[in-house]
Structure formats: C-alpha cells, structure tokens
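Keep the sequence and the 3D view open side by side, and try each task before you read on.

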Amino acid sequence: MCLAVPGKIIDIREESPLARMGQVQFGGIIKDVNLVFVPEANVGDYVLVHVGFAISRIDENEAERVFAYLKEIDEVS
Amino acid sequence: MKFLDEYRESGTVQRYASAIRRIVTGPWTIMEVCGGQTHAIVRFGIDELLPAEITLAHGPGCPVCVTPLELIDKAIEIASRPNVIFCSFGDMLRVPGSHTDLFSVKADGRDVRIVYSPMDALAIAASNPKQQVVFFAVGFETTAPANAMAVYQAREKQIENFSILVSHVLVPPAIEAILSSPANRVQGFLAAGHVCTIMGYDEYEPIVQRYRVPIVVTGFEPLDILQGVYLCVRQLEGRRAAVENQYVRAVRRKGNEPARQLIERVFRVTPRKWRGIGEIPHSGLSLSPEFAEFDAERRFGLTAYTAEESSDCMSGLVLQGLKKPQECPAFGTRCTPEHPLGATMVSSEGACAAYYRYRRS
Amino acid sequence: MSQDFTLQCPVPVSQYSKVVLAHGGGGRLMNDLIAKFFVAGFDNAVLNTRHDAAVLPLGESRLAFTTDSYVVRPAFFPGGDIGRLAVNGTTNDLAMVGARPLFLSAGFILEEGFPLESLWNVVQSMRQSARAAGVEIVTGDTKVVDRGKGDGIYVNTAGVGIVEHELAIGPQSVEPGDAVLVSGDVGRHGIAIMTVREGLEFETRVESDCAALSPLVLELLNSGIEVHCLRDLTRGGLAAALVEIAETARVRILADEREIRVREDVRGACEVLGLDPLHVANEGRFVAFVAAHDAGRALAVMRSYPLGSGATIIGLVEGSGKLEPGLVRLRTQLGTTRILDMPSGEQLPRIC
C-alpha cells in the first residue's frame, strides 16, 4: 500500500488552518495538493503526495545517503 | 522525474545487488510488508537480482486484501441503497464480497464513483446536498490523515450528508501477529516506508526487543528495496536485531506530528478483523466518539452484520507469507485477475495478482 | 518457478451475469467477451482472422471494411472530441490492414437535451478530420433517445477502403525475427480523458494524440517495406496490442522498456494515479511488425513524418519453440525480465 509520489511545490496559497493548498509538479503535470501536514515545506521543496495530501517533505541531503552508503561499502570490499 | 529516476538507475541497482551477494551466507527469509513494495519487486524483477540464499516473503501489506469480508458486504449494501453516492478508491471495486462486488453494483445502475482523494468525496457531498455520500475509507496509517481531514472538514463545514465506512488497519500489530505464529519463518522485515512517514518507527522497538528480528524501514524504489535488503541481511549475518531507517529522505523517527495529532483526534484504536487472518487486537482504527456521527455503519444501521469466508481461497496463508501464490491450487486456473476468488488476486498490490501479472513463465 | 498452469481460463467468460464496464476496457475481459460471444457466435473465416478490419475480395480488387462506435465521455477533451475520434479511429482501422480509406458512414445516437451547438461542433470536427484523412462521409443515420438513456452523444462510423498492395497484413504474417516498432510515445489519450474526469483533475492539460495514421502507413507500404502486421493502440494500450498479436499469431515477443517512450507529463500522471503507461489508451499510435531486414528503413520512413517522429524499435518476435506461445516479455530498465499482460479490465486509479 501507499502509493506516494514525489513532486515539486511550485506555488502555495494559504487558505485556512485546515487547508494549505499548493500546486505540485510531477514530471510535467501539475496537481493541486493539500500541504497542511507539511507546514515546513516551501516553494521549491519536494514532497511525497498520497491521495491529494503531502505526507512528508523530502530531505535532499538525506536523499544522497543511499548513494554515499553504496560508495562506502564498495570501497570496503 | 526527480527522486524516482535516480532510484531506478540500473548501474547503481546492480552494485547494491553485488554488495548483497558479497555479504550473504544465508539462507534468510525476509518479508516486505507493504503491497507497494511487492508491486515494485515484481514490476522491476528485483527478486531476479537477489542471490538464491534470500527468500522474499510477501506480507499482508495490502489494506485492500485484508479488508474483512463483512465490510465489503456492508459497502455493497450501502452502495445499493437509493439516493446514495458511494465513493471509493479504484482498488476496492473488484474485491469480491460474499455474493457480488462494487463493480457489479455499479453495473446495476447504482451511483458508485471512483475518486483519487477522500476530499473529492467530500466535494461531491457538498455539491449533492440531497443525497447521502459515503466514502470507503480503506487504508493503512498512510491514508488515515487524509481520511481524518475529510471527516474533520465535514464537521467544520457542516456537510451533514457525508459519512465514511472505515476499514483502517495498522501495520505493527500485523507484524507481531505474524511473528507470534508458531508457523512463522520470517527472520527480518522491510517495514512499510510510507506508513512510517506518518507514524515514525518508535513502535517497532518493542517488537524488535521481544522477537529479536531486524526491522528496516524501507522505501519503494528498486534502490530503496535493495538497500533495505542489504541492511537487513547485514544485521542477520551479524546476528543483530535493531530498527533501522533506510528511507531517510522521507521518514523521521517521530513521523509526521500534525498528521498524527489529527489521527488521534478523529480516530481511536480498536480490534480489527483481517481477511484471511482473523481478528488482531489494537490493529484497526474506528471513528472516535467525537466524530461518531460520520460513521456510515451507524448511519445505515449495519453494525451487527457478520459474514463467512469461502474455503477455496487461501489468501490468508499468502498474506502471512506461509504460502506463495503459485502454491495455491486455484492460482491461475479457477482464480485469475478476471475472476478472483480472493482479495489477493484482485488488488494490483495483492501478492497473487502481482505474481500472475508479472511472473508466470 | 515450475507451477504448470494454463493461460486461458477454463471458466466461461463471466463470473458476471451482466455486462460490466470492464467488458469495454480493452483488456482480457473484453477480449474474452468478443471471442466467446461474437466471434464464436458469428463464426466465419474473415471474422476469425480477428484483425482491425475485414479484407474482402471484390472482383479483381480487395476491399477493406470496418466499424467502430465512439462513446467517449466527456465528448470534448483536450486535444480532440468524439467527432475527431470517430473519423480517425475508423480510418486508422482501415490503415491497419494497409488499405487506403475512402468512405465513411456516420450514425448518431443523440440523447434528448444534448445541445445542438455541441452537435454542430462535433460535425465540424468530423468534417475537418475527414478532409485530413482523405475520406468522405457519404451516408449516415440519426436516432434520438430519452433523456438519461445516453451520454449526450454516441457515434458509430463504418469505413471502406481499398487495398492496393499485395501483402497479407495481419497476425497470420508475423514471423520469428520480425522487428516490432511503435510510431511514437504512448499513453497520451487515456491520460487526457482521465485527467478531465471529476475527481481526477490535474491543473495542466495533457492532450490526446488522436490523429489519422493512414498517410504514414501508406508511405511505409509505398516504400516497399515488408510489413507483416499493423495494429493501432487503443484501449488496453501497447500491452493489449502486443499480447493480442502474440496470442493470435502464436509467437512470443520480447520488448525493451527502455525503448518505449512516454512523455514526462503522461508519466507523472501515471505515477500519481498508479497506472501503467503500457496499459493506457492511445488514439494516434500504432505498432508495426516488419521483416527484420527492413527494420532500419521502416524506422527511417516513420521518423521522416511528423506523426512518426518519435518512432522507435521496441523489440522483436521470438519463435516459441517448446515454450508456451502468446507470451510477451519485457526487459525492464534494470535488465531484469517481466511478463507484460493485458490489463484485465477497466483501468482504475489506485492508492495501493
């Protein structure tokens, strides 16, 4: 379960405490997404989107770790 | 697409596969819990890349598959009533109930609609004040915040013709149920990454302590799964057992605070029946007393209904990782995606459907 | 994995006693319905070839004849409308047997209350499409049904064309070693439709790829390319076309995912909705099976046309030997292999 897709926030309009609506871009298509669960996310950030809500902000530094880790283990071998 | 393509890059994937081969002595059985991970493994042929010492078992990570039979029947009952608009995620439409499925109800002329988000169902309720709009709120913890928000906004905006039929299940109790079974052969877990974006991963610590199995929070792309397997195997080879986070770009230890707060307000933890497995205590969510008026089972008077499972379908054993789909006598003959006997063949995440689609050869 | 089981289901077509939407989805359920009801029911040699159009001897010539009904909702969508589909879809079916399309009929089933201005727009669209495809609409029919009994407008078009080459274009001519080409990127039409449906809207438009294919096909034939089979990609997508041909021709196909093009916006929509682009409908794309020695030339011819500029060679036909025929395998971008199957029914967005 849990199809959540990474997309880039390109626009945010604050609406209410229950809805912080943003436009998120997924490879060239744009969808309206509710950003209420990621108050720390801003325009230019990437978020994971599931059923119309952003559920997590993607940390770009951490995203590198899977590659850095591979380099480490390859060097050790 | 950023954060997808680089995790599907062939060269890096091969290097992780080699790294696993270098450290494994095995054999090890690792279960990936989430249906989305099953889908990725089969779609990308990831099991082809793993050494033979590693067996991947596919877990009950498909809320579609584990929604109890009586809930499907209740959904069908509600959808069949006049003046109801029944909204659902696409996944649920072909899951067989005791006699029929939602797709057939739609064919009979009832207003059954597929939506992408529970908020779409709420919007339909707002535009159709004279009809009852019911949303089939299925999912793991990942979907709970969205479903909670739909109900919360319904109350705030006084959209009274909206209600939800709740079938939420929680992952950690399911993992415990699998581990506590005497027939269990799973030695390590890849925990469902998107569930953990919401819930964090503290709740796996007591499980690891009690059962001494590694649990690695894992993402959904080929690189994520391979790194998840690598970390799990590394623990197993080192005879360690700990909770590790592979999906660091999306998951934090405490999860998503605002989402968890809303879930705690709108839902409460209850026992829940898992189709093919049985009742697991503290494994489901129901609406809290504050929001009980939005419970469709109450609104439509269906709380007392129960149903019996067919004996042909062994999806329960498949869901617990005790059998592989192709070990079922009905697999591919009496039971195919066109006429499924059980939910694991209906849902595109179900192990049986995934095997049928991608692997038969 | 050595479990032995059949690919054809022994249970009769329906666990359903009534028609369900999946029967129109272009996938397994629809194919079963066609095979077991219509082909078996009408039973003749021409129908049994199961090809896009019937090729009929008429004196010294060969006539191609086909029909299609159009029920798309909404009737007007980004990149096209039901009228344009109705002309192009049918002329494309004629093109798929290598015929030059000549004439169409047009039957309209109109729902009471459908705006006449919309009808006029459909007619204008059909007029333009017919001119672009080089056909004339020479006969037709009009019916009106009660409000609530039709989706605004349904259109049926039947088409006739003339076969001016000597080839037998169809699954029966497919051979091991044939190259498989696709005329461009896939998935646009289905996504264009889905993204304007209630509940699934996106903020940006994806345009349908609806277009007339006959000029491109005729160019291939005029270049002397040894074309064995053509199939336009409609419901069920590229996967359905490949599987149908593999099963009818009793061959196996090996395709390479890296050679199949998908535009970024279509891909994004598929990722968000949980759809496989290989299962999504198209309206202006076709797959061509050509003799191996003509693969390079066929590609060059296709690419010299705007409509075929994105053409690629995506795979080849394998003999099945001792193995079960009808299987389509896909080499993934990771170098592993999976089986490509038809979608079983209606393409449904998923969360799981």
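**Exercise 1. In which sense do S1(A) and strand S2 (residues 19–26) of chain A pair, and over how many bridges?**

Before we start, two notes on conventions. This is a predicted model, where local features need pLDDT of at least 70, side-chain atom pairs count only at pLDDT 80 or more, and totals for chains, interfaces and linings use all residues. Residues are numbered from 1 along each chain as its sequence is written, chains are lettered from A and ligands numbered from 1 in the order in which they are written, and side-chain values use heavy atoms, with hydrogens and water left out.

Step 1. Find the strands: helices (H or I, at least four residues) and strands (E, at least two) are DSSP runs, numbered from the N terminus.

Step 2. Two strands pair if DSSP finds at least two bridges between them. S1(A) and S2(A) pair in the antiparallel sense over seven bridges, and a hairpin of two residues joins them.

Step 3. Turn to the other partner: S1 (residues 5–16) of chain A also pairs with S4 (residues 46–50) of chain A, antiparallel, over four bridges.

Step 4. Check A:Lys8, which stands opposite A:Gln25 in S2(A) and opposite A:Tyr46 in S4(A).

**Exercise 2. Is C:Asn31 buried or exposed?**

Step 1. Locate C:Asn31 in helix H1 (residues 28–42) of chain C.

Step 2. Apply the cut-offs: buried means under 20% relative accessible area, exposed over 50%, partly exposed in between (1.4 Å probe, protein chains only). At 11%, C:Asn31 is buried.

Step 3. List its contacts (heavy atoms within 4.5 Å). Setting aside residues up to four places away in sequence, C:Asn31 touches C:Gly26, C:Arg50, C:Glu244 and C:Met342.

**Exercise 3. Which residues of helix H5 (residues 214–222) of chain C are buried?**

Step 1. Pick out the buried ones: C:Ser214, C:Leu216, C:Val217, C:Leu218, C:Leu220 and C:Leu221.

Step 2. Look for their cover, which includes helices H2 (82–95), H3 (116–133) and H8 (295–303) of chain C. Strands S5 (99–111), S9 (227–232) and S11 (286–290) of chain C are also among the covering elements.
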